[in-house]
Structure formats: C-alpha cells, structure tokens
Amino acid sequence: MATVKNWQIGREMEYPYPESRPQRQFAAVFDLNKCIGCQTCTMACKTTWTVGKGQEYMQWNNVESKPYGGYPMGWDVRILDKLGPQPWEGGKYAGETIFEAAPTDERVLGYLKEELDWSHSNAGEDEPAGSLDTGGYETMPTHKLWFFYFPRICMHCTYPACLAACPREAIYKRPEDGIVLVDQGRCRGYRECVRACPYGKVLFNPVLRISQKCIGCYPAVEQGIQPRCVTSCIGKVRLMGFLSTPDDVKPDRPIDFLVHVKKVALPLYPQLGLEGNIYYIPPVNVPKEFLRQMFGPGVDQAIETYLKGKDDPELLGLLHLFGDTKEIIESFKTFRESGEAAGYDKKEREVVRVPIKEPDYLRPFFDAARQVYRHNIS
Amino acid sequence: MLALSVSVADAQQKSLTVRYVNSAVPADPGWSGWETGPSVEVTLAPQTVAQPYLLSPSIKRLTVKAVHNGGWIAFLLAWKDATKSSVMYTDTFRDAVALMVPVGKSAPIRMGGPNERALILHWKADWQEDIDKTFQDVAQLYPNAWLDWYPFAPGEPPYDIRHWTNPEARRYLTGWVLGNPRSQPDKRTAAEEQIAEGFSTLTTNERQSAVGKGVYANGGWRVVIARPLVTGDPNDPAWGPGKVVPVAFAAWDGGEKEIGARKGISDWITAKLNPVGAK
C-alpha cells in the first residue's frame, strides 16, 4: 500500500499503487437540476458502444431515479452499508475509504453484483421519497415529496478501485487523459474489477468472457470532441472537459471553475476514496441530509451558489455553454457588454458563443401581413 | 499457515512417478492406461500471498497420475466437486485446474519470478463446455432471450457470433479480435498454455501446444492435461525421459466463486520421469 493525496476527502489515504496523475484528467460536470430522465444519453452510448454480443444488458451510461433506482440495483446503499457509518470532520473525511476498510484478504472492500442486480435498470424510476399529508402542500426549494434523475457513467477515477483490484494488471489509466480502460486482450474475466467498483461501472461480458466498461469515448476525446452522452443530451445537462488539481487551478477552464473556483459541482460519494472525476451540481429540491451523504460536505454551499447563479454572470455564462458545442471547451469567457459567453478549444479558437439571456420579442396580437391572430404561445 | 506447513511436509514426503508407456498418450480421462500406475495425493493450501487471498479453498486435495511416452507427457488430475460449474454468467464462475513447471531449472512457487519463468497449463470447464456442446453464445446462455437487432450483425436471429465476420460487427467482439483466447468461439482444446514471471504477469503463451479434456461424473472431475515434452518453444520446461522436475498444482471451485488468485495451491511436487523403456 502506498500513501496518496486525495483532495476530495481532504487528506492522504492508502492505495495499492503510488500516486501517478495523468497529464490531463478527463472530467465532466452533470447538472442534476436539468436532467429529465429521457435516456437520450443512454441510447447514444448504447448504439455507439454496446450493441455487440454479451452486451445486451450493458448500460455504460445509465440514468436512474434517486432515491430508489439503481443500476446495478442498490449499488449505492450496498457499499454504504458495507462501509458502515463514517464521519466527516468539516471538509476532511475522518472515516475509512473502501481501500482502507478492505479485509486483509482483499485489496478493496466490495461485493460481487448478482445477475439480477443488472436486470432492472429502471426499477424505482420516478418513485418519489416521502409522502404528503392530506391537505399538505409542497415547499420550495426543498420538496417534501422528492426524487431526481441521476445520470451516471464511469467516473474515470484518479484512484480506480477496478484498477487496484485487478490481479492481472489488465486495467490501466491513460497518462494522456486519465481515461480508465480494461485491456480487452489481457483481461481474464476474473471480475475482481466488477466486485471492486463501488459505482457498478465495470460489467462482465458473458459471451466474450471478459469485463468491459465506459471508455470515455476516447476516440472522440482524442480529436477534441466531447463524448456521445454529453453531446447528445437534449437537456444540456453535461459538460466534459479537463480538470486540474486544487493546487493548479486554471479559473478559465470550465471544469476547474465549477469544481474548484465556484465549488458548485461536487464529487460523488467522495468518502469511498476513488477521487472520481464526474462531478454533480446537486438538485436543489432534495433534502440536504440525503445530498450530503452522496456529495459530501460541500452540498450547502454548492446549492447556495447555484441558486444565486442568476446574479453571477460568469457562472451563468458557463452554465449556458453546457451542451452547446460538440468540441471540448478548454477555456471560456463571458462578455458583460454583449451578454454572451464563449468557449475556446485547445488552439484557443472560438468554438461556441451563446447569449446568456435570449432577447425578448414582442409581436402584435394581430398579424396584418398574414391576416391572422397570434395565440399566446412561444 | 498451518495448512501451508502441512503442504510442505506433504511435498517432502511425496513424489510423482511419471510412468513410461509404450503407446499413444491420449488427452482422455477415460483412457484405459489411467487404470494402473501409482498416484499421489496433492494437498491444496490457501493462497495467502497475493490479494485477493483464498483463505479456505473448497478443493482440499487432488489425486494426480502422470505418464509419458518419450514424446508426450500427460497428467490426470481428479478431485471431488459436488457441483459442476461450467457456464459463466455475470455472477457465476467455472471449475478449473492447472499445473505449473519451471521453464528453467527452478522457479519460485509464486508463479515464477523475474527471469525465472514458469510454464502453466490451465484447464477450464467453460472451454470444455464450448467443445462438448457448442460455444456459449447468447442463445445457449439465455435460451429464452430474444433480440431482434444487432445493428452490424449479418444473418438472422439469433445472430451466431461466428457469423460476425464484417469489420463493423467485429468491432464489438473486442476480446476475439485482439486474440484473447477466452473470447474465441471455436476452441481447439480446453487447456490454455500460459507463461508467468511472478504474480500479475500471467500471459497466454504465443505457441499453444497443450491439450486438455475434463469429464465430470460421480460428483467429481477427471481432467487430463497433456503436452509434447519438446516443442522447440523457448518456454519448454527442462523435462524429458529420466529427468526430475518440480510440478505444482492449483484448483478452482467455480461453485464457490473461486477464480484467478482465489485458488487452492500446492507446493512443488517432485515429478520423476521414468526413462524410455522402463517398466
């Protein structure tokens, strides 16, 4: 075991291999306030990557409903239950990660997902938590009766549990972009990675008898293009980019700005210790207790910042760049005079420019040119 | 540790006589030649060196016999297993057995070491299933499943994987295209020849000369793994008629989800190959 720095838990931790960060780290921010559960991302991923034999059940990208949904079923509550109650002390995690809590005979605290766990990807869909009494009413912004859609892909972790667990060393993290891949020629189908990944994002192909996972659409990323699940999202929920470490923040880098500067996008189950690289803007309608368990101690501040976003031109501008270009945005700017936001690629070429507020058009009730009345629709 | 020390004592007391036979050596557990000759009981100990460990192996001992005919060497490995496990769903594992021989004069028991290579011959029940029945495609794994469309697959439902010959479809057959023997639908034999220089280095040998066949009956497996003594491969062990080589064994009970490092292992057993012509 080596000692490595995991900034998401504010401390050093034990990991089977020494710290070895990639030159750039693939990362993305998903705004959970905007996801409508349409599964367009799921279909984009499915039709691109998992239409082969043995992949019938696979969703490298999935959208589940929280609190009750899960693919594989119960992935979150199962690992939380195994880990047991664990404390945070302010921004520092005082509990054990799944590497530190591993029994002596294992490298990672995990469990083998059962076949049935993969068989109900839409179980719990649209099921809200809580109940309203007769004559009750909803509250804002936190709802008494709540659920939210939860889109998920591989976290391309800084400290992948799958990689740590593989006795065959068939899993690797690419130095050029931090994407985590299973070597399909070397994998022997032991499924140690399937046991170890707490997010349930490594899957076994029973026909090819090897394990497979989200590949971060690396052929696209290599060409400066965002992954399929990101570019296909009709709700413009997602933004993929690269993330720096907290000691090397570039404020004009979109993911750095959201994660490190504004701290509006949070890691998922940081207490597990993987330093995953998919970040979430928490849904404002959900009770904070639930969100703090999922996204750590930064929840309250993140929601406060997000709700004030309309008065923050930079944040508002960047949120408008979500889903507006297929190019990877390396840096962004907002222009107060024109009320626009723009994104730039690796060569600093402008690849997208959008108005932060769309102009209003007032049109008369009666259109004289067409001799028709307009209805009150947009 | 107790079990490990028992195993060491076991190895010191026992050696495996590799009988010379003046006949073909078929990779067949039903061969009449197996009915005679000495056998050795090999104790399997927990694997507690490389994580994940297997603290309590399900298979405690193997009964081993071996013969050679000057050209080929064959091992019969028999053990009790109440359940036949030969199909790999996402959460099931297959039975397996393996034997290891140093490529050079000696090698560490931990699957060899740097520049101390070991040759490992590994029989797998799922490969045996592929050969005895047919390749375990979706139609075999899930007979009631129906998918009406694989976008790039040629042919008709159930879109037998062996017909996926066009490049667009083959992109989805990653392991097969990359030469991973697990993913090959047409298996020649149920044994895989592998080399290793320590834990985590296990690699399929480029040249595949070993053959294997297992039969499950009466609550147990009888598996034969055979290989030419000399193939010209640089990974040939230093074995031959009249020579003495160390051999080690490992076994996996798929029903207990044993796979990879989760295995019962023996210590080195001394295998003495009788000279050609010896009775």
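Author: Happy to! Let's begin with a term: a residue is buried when its relative accessible area is under 20%, exposed when that area is over 50%, and partly exposed in between (1.4 Å probe, protein chains only). You are looking at a predicted model, so local features need pLDDT of at least 70 and side-chain atom pairs pLDDT 80 or more, while totals for chains, interfaces and linings use all residues. Residues are numbered from 1 along each chain as its sequence is written, chains are lettered from A and ligands numbered from 1 in the order in which they are written, and side-chain values use heavy atoms, with hydrogens and water left out.

The part I would pick is helix α2 of chain A, residues 75-83. (Helices are DSSP runs of H or I with at least four residues, strands are runs of E with at least two, and they are numbered from the N terminus.) Which of its residues are buried? They are W75(A), D76(A), I79(A), L80(A) and L83(A). These five sit on the same side of α2(A), because they cover an arc of only 120° around the axis; the arc is that of the directions from the helix axis to the C-beta atoms. Turn to the other side of α2(A) and you find V77(A) and D81(A), which are exposed.

What lies over the buried side? The cover of α2(A) includes strands β4, β6 (92-93) and β7 together with helix α8, again in chain A. Cover here is a matter of contact, which means heavy atoms within 4.5 Å.

D76(A) forms a salt bridge with K66(A), and their closest N and O atoms are 2.5 Å apart. (A salt bridge is a side-chain nitrogen of Lys or Arg within 4 Å of a carboxyl oxygen of Asp or Glu.) The pair links distant parts of the chain, 10 residues apart: K66(A) belongs to strand β4 and D76(A) to helix α2. Both K66(A) and D76(A) are buried.

Now follow the cover to α8(A), residues 288-295, where L291(A), M294(A) and F295(A) are buried. Their arc is only 75° around the axis, so they too share one side of their helix. The cover over them includes β4 (62-66), β7 (148-152), β13 (266-267), β14 (278-281) and α9 (299-307) of chain A. After α8(A) comes G296(A), whose phi is positive, near 85°.

Let's step out to where chain A meets chain B. The contact takes 41 residues from chain A and 50 from chain B. Together the two chains bury about 3,800 Å², with 51% of it on carbon and sulfur atoms; buried area is the accessible area (1.4 Å probe) that two parts lose on being put together, summed over both. On the chain A side, K53(A), R188(A) and R209(A) lose the most area to chain B, together 22% of what that side buries.

R209(A) is linked with R94(B), D126(B), D130(B) and K187(B) in a network of salt bridges. P103(A), in the loop between β6 and β7 of chain A, is in contact with L109(A) and Q51(B), leaving aside its neighbours within four places in sequence. P103(A) counts as partly exposed because its relative accessibility is 35%.

E197(B) and R117(B) form a salt bridge with the closest N and O atoms 3.0 Å apart. E197(B) lies in the loop between β7 (191-196) and β8 (203-204) and R117(B) in the loop between β5 (96-102) and β6 (118-124) of chain B, so the pair ties together parts 80 residues apart in sequence. E197(B) is partly exposed at 25%, and so is R117(B) at 30%. In the other pair, D160(B) and R162(B), the closest N and O atoms are 3.4 Å apart. D160(B) is partly exposed because its relative accessible area is 24%, and R162(B) is partly exposed at 28%.
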